[in-house]
Amino acid sequence: MGPSFEWRLQVTLMSIAGDRHYDVTRSTCPACRKLVCARIVGRDGRVLMVTACPDHGESEALISSSEDYYLESLSCLSRGSRPREFARTVSGGCPDDCGFCPDHEQHVCMPVIEITDSCDLACPICLVENVGQHEMSLATLKEIVARLLDSEESIQVLNLSGGEPTMHSGYHKLLEYLAGIDRIFRVSVSTNGVRLAREPGLRALHKELDVVVSLQLDGFSPDTYERLRGPLELARTKQQLLQQIVEEELPASLTMTLVRGVNEAELGQVLDVYLAHDNLLSLTIQPFTHAGHGRGFPHDPLTRITIPDVIELLRTASRGVLRPSDFGPLPCCHPACFCQTFLLKVEGGGWLPLKRLLRQGDYMGLLENRSYMSPDGENLERIRGMVYDLWAAPAEEPGSADGATRGSGSAVQPAATLASAASADRSQRDGALRTIKRIFKEIDASGIPGPKRTVRIVERRKKSIFIHQFMDVHTFDLSRVRRCCSVYPKEDGALYPMCVYNVLRRCR
Ligand code: SF4
Ligand code: SF4
Ligand code: SF4
Ligand SMILES: [Zn+2]
C-alpha cells in the first residue's frame with residue numbers, strides 16, 4: 001500500500017518554494033470543518049496556516065502579520081502545569097477526548113460558564129449561536145464549580161457568559177453563590193450592557209457583590225455598532241453605561257472586538273477611557289474570529305487582524321507611551337493565543353509597563369502558568385523580593401545598559417532584578433516603586449489578608465491589557481488547543497478549550 005493521501009499532500013505542500021516551514025499540525029477545512037493536515041509557514045514576513053482538505057483542496061489563512069513576533073513568541077513557551085484531575089480518558093485522540101483528558105498540557109486559568117443561550121441582541125459577529133432554549137440551574141452551577149475546585153487549588157477569575165448572562169431568570173442567586181466562594185478570587189460577567197444601563201438595581205447588585213462587569217465595548221461610533229452589533233443606538237447605551245460605571249464605582253473591565261476596516265481607529269479612544277479610570281481593571285482586545293454566528297460576517301482570512309497588528313495599533317493609539325517591547329505572550333497557554341502587558345500606576349501620574357521595571361526572566365516567572373498576574377501569596381513574595389532589589393539599586397540614567405545583578409535583599413528570588421534603566425526612566429521608576437511600597441504597606445497593615453483581599457488592594461493600581469487571538473475554522477491548530485487554559489465547563493463534567501467548542505462542537 002502506498003503512502004496515504006494526506007501524507008502525499010503534506011509532502012507536496014512542504015515543497016512549495018520560498019516558504020519557510022515551521023510546523024505541521026492538524027487544522028480544519030473551512031468548507032467542511034473536518035480535521036485536515038496543515039502546515040505553518042513563513043512567507044513575505046508573515047506567518048500562514050496552509051491547510052489541505054482531500055475534498056475541498058487547499059486554503060490559506062493569516063496567523064501572524066509578523067514572522068519575527070511569531071518566532072520570538074514561541075521562545076516563551078513554558079512547561080505547563082497540569083490539573084490535579086482529568087474527567088476523561090484518552091481514547092479517540094485529540095480533540096475528541098475533551099476534556100480534560102490526560103493529554104492536556106495545561107490547567108484551567110479561566111473557566112467561562114455559559115449560563116444562558118438567550119440574548120437581547122443578535123450581533124452579526126457573535127462568537128456563539130444563541131437559540132434561547134437553555135438556562136443553567138443553580139444546582140448545575142454548583143456541581144460545575146465543585147468539580148473545578150477539585151482540580152484547581154483556586155480560580156483567579158471565573159467568568160459568566162452566554163448569551164447575555166444578565167437575562168438569566170435566577171441571575172441574582174447565581175451571583176450571590178459565586179461571590180461567596182473564597183477560592184474564587186474574582187467573578188466577572190461578560191455583558192453587552194443593555195440591561196445594566198437601564199436597571200440601577202442590577203448595577204447595585206454587581207457593586208454590592210463586587211462582581212466585575214466585563215463590558216463589550218467596540219468603540220463609540222454608531223456606525224461601528226450598526227455594523228458589528230445591529231442597533232446603532234447601542235453607541236449611546238454604551239456611553240451612558242460607561243459613565244454610570246465610573247460614577248457608581250463599579251468594578252469593570254472592557255472587551256473590544258477589533259474588526260479589520262471597521263473599528264481599528266477607535267482603539268485609541270477605548271484605551272484612553274480605560275487608562276483614565278481606576279475602577280476599569282482590564283482591557284481585552286479580541287481580533288474578530290470567524291466563528292459561531294460570526295461565520296456569516298464577511299471577512300478575508302488573509303487580511304485579518306493579528307496580534308502584531310494590535311500591538312502596532314496600541315503603540316500608535318497610546319502616542320508612543322506603549323512600545324512593542326512592552327508586550328509579550330502569556331506563557332501559560334500557547335504563545336500564539338494571548339499577548340499581554342501589565343502597567344503599574346506611577347505616583348505623580350501615568351503608567352509604567354512592568355516589563356521595563358523587571359528583568360525578562362523575573363517577569364515571565366510571575367506569569368508562569370497563569371493568565372493573570374495574580375497577587376497570591378507566592379507571587380507577592382516574589383514581587384516583594386524584586387522590589388527590595390530595585391530599591392537597593394541606584395537609579396540609573398535612561399539609555400544605559402542593564403545593571404549587573406545585585407546581591408539579593410530577598411529570600412525568595414536570590415539573584416533578582418534590577419530595573420531596566422534602558423527603558424524605565426528614573427522619575428517613572430521611582431513613582432512606580434512608591435506605588436508598590438504603598439501596596440505592600442496596605443497589605444501588611446491588613447495582617448494576612450488572603451488572596452481575595454490582596455487582589456483588591458493591588459488591582460486598582462495596575463492595568464492589564466490582553467490581546468486574545470481566538471481561533472476559527474481557518475486557523476484552528478490542535479497544538480494550540482492542547483495548551484488551552486480558557487475553557488467552557490459543561491454540565492456533563494467536560495471542560496472544552498473554548499476554541500474546540502466554538503469551532504468543532506457548537507451548532508455542528
Ligand atoms: S484538547 Fe486537551 S482535553 Fe481536549 S482532547 Fe485534546 S488534549 Fe484532551
Ligand atoms: S455577542 Fe454577546 S451580545 Fe451579541 S448576540 Fe452574542 S451573546 Fe448576545
Ligand atoms: S481559547 Fe483558543 S485562543 Fe484562547 S487560549 Fe484557548 S486555544 Fe488559545
Ligand atoms: Zn473539506
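This briefing walks through one protein chain, its ligands and some of its local features.

The model is predicted: local features need pLDDT of at least 70, side-chain atom pairs count only at pLDDT 80 or more, and totals for chains, interfaces and linings use all residues. Residues are numbered from 1 along each chain as its sequence is written, while chains are lettered from A and ligands numbered from 1 in the order in which they are written.

The chain holds 16 helices and 16 strands. These are DSSP runs numbered from the N terminus, with helices (H or I) of at least four residues and strands (E) of at least two. Of its 508 residues, 48% count as buried. Buried means 20 or more other C-beta atoms within 10 Å of the residue's own, exposed means 12 or fewer, and partly exposed is in between, with C-beta atoms placed from the backbone. Among contacts between residues at least 6 apart in sequence, 69% join residues at least 24 apart. Two residues are in contact if their C-beta atoms, placed from the backbone, lie within 7 Å.

**Ligand surroundings**

- A residue is near a ligand if its C-beta atom, placed from the backbone, lies within 6 Å of it.
- Residue classes are set by type: Ala, Val, Leu, Ile, Met, Phe, Trp, Tyr, Cys and Pro count as nonpolar, Asp, Glu, Lys and Arg as charged, and the others, Gly among them, as polar.
- Ligand 1 is surrounded by 13 residues, and the closest are C94, C98, G99, C101 and H104.
- The shell of ligand 1 splits into 8 nonpolar, 2 polar and 3 charged residues.
- Around ligand 2 stand C119, L121, A122, C123, C126, V128, N130, G162, G163, E164 and N192.
- By class, the ligand 2 shell has 6 nonpolar, 4 polar and 1 charged residues.
- Ligand 3 has 15 residues around it, with C333, C337, C484, M498 and C499 coming nearest.
- Helices α15 (478-481) and α16 (498-505) each give at least two residues to the ligand 3 shell.
- That shell of ligand 3 contains 10 nonpolar, 4 polar and 1 charged residues.

**Helix pairs**

- Axes are lines fitted to C-alpha atoms, for helices over the stretch in contact, and angles run from 0 to 180 degrees between N-to-C directions.
- Angles under 35 degrees count as roughly parallel, over 145 as roughly antiparallel, 65 to 115 as roughly perpendicular and the rest as oblique.
- Helices α3 (residues 138-151) and α4 (residues 171-179) cross at roughly 25°, and their axes come within 10 Å. The two are therefore roughly parallel.
- L138, L141 and K142 of α3 meet K173, L174 and Y177 of α4. This contact has 4 nonpolar, no polar and 2 charged residues.
- Helices α9 (residues 267-276) and α10 (residues 307-317) pack at about 65°, with axes 9 Å apart. So α9 and α10 are roughly perpendicular.
- L267, G268 and L271 of α9 touch L313, L314 and A317 of α10. The contact between α9 and α10 has 5 nonpolar, 1 polar and no charged residues.
- In α10, the buried residues are I307, P308, D309, V310, I311, L314 and A317.
- Helices α13 (residues 426-445) and α14 (residues 450-459) pack at about 150°, their axes 10 Å apart. That makes α13 roughly antiparallel to α14.
- I439, E442 and I443 of α13 make the contact with T454, I457 and V458 of α14. Here the classes are 4 nonpolar, 1 polar and 1 charged.

**A buried strand residue**

- V189 lies in strand β7 (residues 184-191).
- V189 is buried because 26 other C-beta atoms lie within 10 Å.
- Leaving aside neighbours within four places in sequence, V189 is in contact with L160, P165, V211, V213 and S214.
- V189 and P165 are 24 residues apart in sequence and 7.1 Å apart in space, C-alpha to C-alpha.

**Backbone details**

- The C94 to P95 peptide bond is cis, with omega near 5°. P95 sits in the loop between α2 (67-74) and β5 (110-114).
- G162 and G163 are also joined by a cis peptide bond, with omega about 15°. G163 belongs to the loop between β6 (155-161) and α4.
- R33 is not a glycine, yet has a positive phi of about 65°. R33 lies in the loop between β1 (20-28) and β2 (35-43). It counts as partly exposed because it has 14 C-beta neighbours inside 10 Å.
- With 10 C-beta neighbours inside 10 Å, R319 counts as exposed.
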